[in-house]
Amino acid sequence: MSEPLQGRSIDPADEAQLLSTIDRWVEREVKPIAKEFDHADRYPTETVEQMKHLGLFGATISPEYGGLGLPAGTYAKIVMRISQDWMAVTGIFNSHLMLALAIEKFGTPEQKSAWLPRLATGEIRGGLALTEPDAGTDLQGIRMTARRDGNGYVLNGTKTWISNGIEGSCFALLVKTDPDAQPRHKGMSLFIAPKQEGFRVGRKLEKLGYKSIDSGELIFEDYRLPADNLIGGVEGQGFYQATGGLALGPDQRGRPRRRHRRGSAATRRRLRPGPQDVRQTDLRASGDPAQARRHGHPGARRRLLTLDAATKFDSGERCDMEAGMAKLFATESALENSIESLRIHGGYGYSKEYDIERLYRDAPLLCIGEGTNEMQRIIIAKQLIKQGGIA
Ligand SMILES: Cc1cc2nc3c(=O)[nH]c(=O)nc-3n(C[C@H](O)[C@H](O)[C@H](O)COP(=O)(O)OP(=O)(O)OC[C@H]3O[C@@H](n4cnc5c(N)ncnc54)[C@H](O)[C@@H]3O)c2cc1C
């Protein structure tokens with residue numbers, strides 16, 4: 001069976017039609033409400049219903065499970081279109097699709113048929129729960145445990161900063177099944193964790209930007225799961241499943257690659273072209289088409305980096321370095337550009353009446369989330385050295 005997401009293609013006419021539908025929806029439904037919802041930090045319930053209707057919660061899930069089965073390149077273009085007007089809303093389906101991908105790529109046949117159809121329709125929505133209060137970049141330092149108990153597991157611990165944590169109902173949950181294992185990743189496992197007794201939201205986390213999508217602290221106290229919820233049914237694969245494996249496609253040996261947290265976890269997520277589109281919106285918001293055109297050229301290059309990484313991903317090639325480069329370049333540019341834009345617009349840039357201040361608040365997250373930019377630099381450097389690109 002082919003790897004989920006990889007080796008896919010789409011007829012150009014179908015892609016154009018899909019993107020035009022997305023454009024129309026963004027123009028009519030997303031753009032008009034973005035500022036108001038962001039300022040109120042209000043969850044866009046109606047937008048989520050529309051996203052269900054558009055099939056976005058199943059965008060990358062295979063058609064056999066009810067999804068659209070889109071290639072990464074098309075998916076990246078969709079996120080690009082939406083991010084131009086409201087970046088935060090893309091996190092609602094993007095985090096969700098990471099959960100779906102973990103199940104589709106590593107789950108047992110029973111897990112796939114039990115969960116994927118309901119994830120594809122958006123009936124169940126969720127995300128990826130990896131980060132803990134004391135373990136972000138160094139994921140192998142997590143403390144949450146799952147202790148075997150009869151036919152199931154008892155889980156205890158806390159996760160933090162989990163996107164969709166409050167509104168979502170199911171998460172891919174990274175835990176230690178063997179806290180003493182050495183190397184540490186060998187004791188880590190990934191579970192499908194629906195909200196039920198023993199699983200509660202601690203609190204909603206307040207943020208500088210990236211508003212409206214909920215970021216939650218999740219608390220697990222004697223939370224019981226059947227062994228059927230262990231993704232793939234084998235302990236000790238969780239680190240690989242939650243990081244390298246989710247992004248890079250086939251590692252025939254099934255071994256975790258030697259890489260720091262999310263060094264690749266986010267490869268697919270890094271195909272999200274949000275940052276360069278924050279940049280583009282920024283320029284459009286300047287109301288000066290000539291200036292937008294002039295500055296638009298480097299923006300186009302950033303897009304090419306993203307689409308190049310997506311194309312590699314679709315062809316089944318390893319692309320963590322390319323995706324890391326696209327992420328690093330685009331997000332640093334987005335941050336720099338949001339500050340410049342604020343300066344260029346003077347008082348108007350600082351005003352809540354315009355979008356510049358929102359872009360200025362949203363941009364820093366791009367350098368932190370989905371593998372910090374410091375980690376991207378390390379990954380890129382290691383790959384370049386390995387490939388003999390640096391003497
Ligand atoms: C809005 C938001 C949404 C998020 N959504 C999710 C989610 O859905 N699921 C989830 O699991 N997590 C999520 N996160 C958590 C996010 O992935 C982490 O914040 C991120 O991985 C960084 O971890 P940390 O915050 O613990 O910082 P740390 O790991 O403590 O890093 C602090 C600084 O040290 C640097 N650093 C750390 N280690 C090294 C190293 N070895 N070499 C060089 N520099 C290093 C980092 O680059 C960073 O600059 C989210 C975070 C935010 C803010």
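Helices here are DSSP runs of H or I at least four residues long, strands are runs of E of at least two, and both are numbered from the N terminus. With that in hand, helix 5 is followed by Gly122, whose phi is positive, near 85°. Keep in mind that this is a predicted model: local features need pLDDT of at least 70, side-chain atom pairs count only at pLDDT 80 or more, and totals for chains, interfaces and linings use all residues. Residue numbers start from 1 along each chain as its sequence is written.

**Helix 5**
- Helix 5 covers residues 109-121, and its 13 residues reach 19 Å from first C-alpha to last. That is close to the 18 Å expected at 1.5 Å a residue, where the expected span is 1.5 Å times one less than the number of residues.
- Gln111, Lys112, Trp115, Leu116, Leu119 and Ala120 are its buried residues; buried takes 20 or more other C-beta atoms within 10 Å of a residue's own, with C-beta atoms placed from the backbone.
- Those buried residues pack against helix 4 (87-106) and strand 5 (188-194), with contact meaning C-beta atoms, placed from the backbone, within 7 Å.

**Gly107**
- You'll find Gly107 in the loop between helix 4 and helix 5.
- Gly107 counts as buried because it has 25 C-beta neighbours inside 10 Å.
- Leaving out residues up to four places away in sequence, Gly107 touches Lys112, Ile231 and Gly232.
- Gly107 and Gly233 sit 126 residues apart along the chain, yet 7.6 Å separates their C-alpha atoms.

Note on methods. Buried ≥ 20, exposed ≤ 12 C-beta atoms within 10 Å, placed from the backbone. Contact = placed C-beta atoms within 7 Å.
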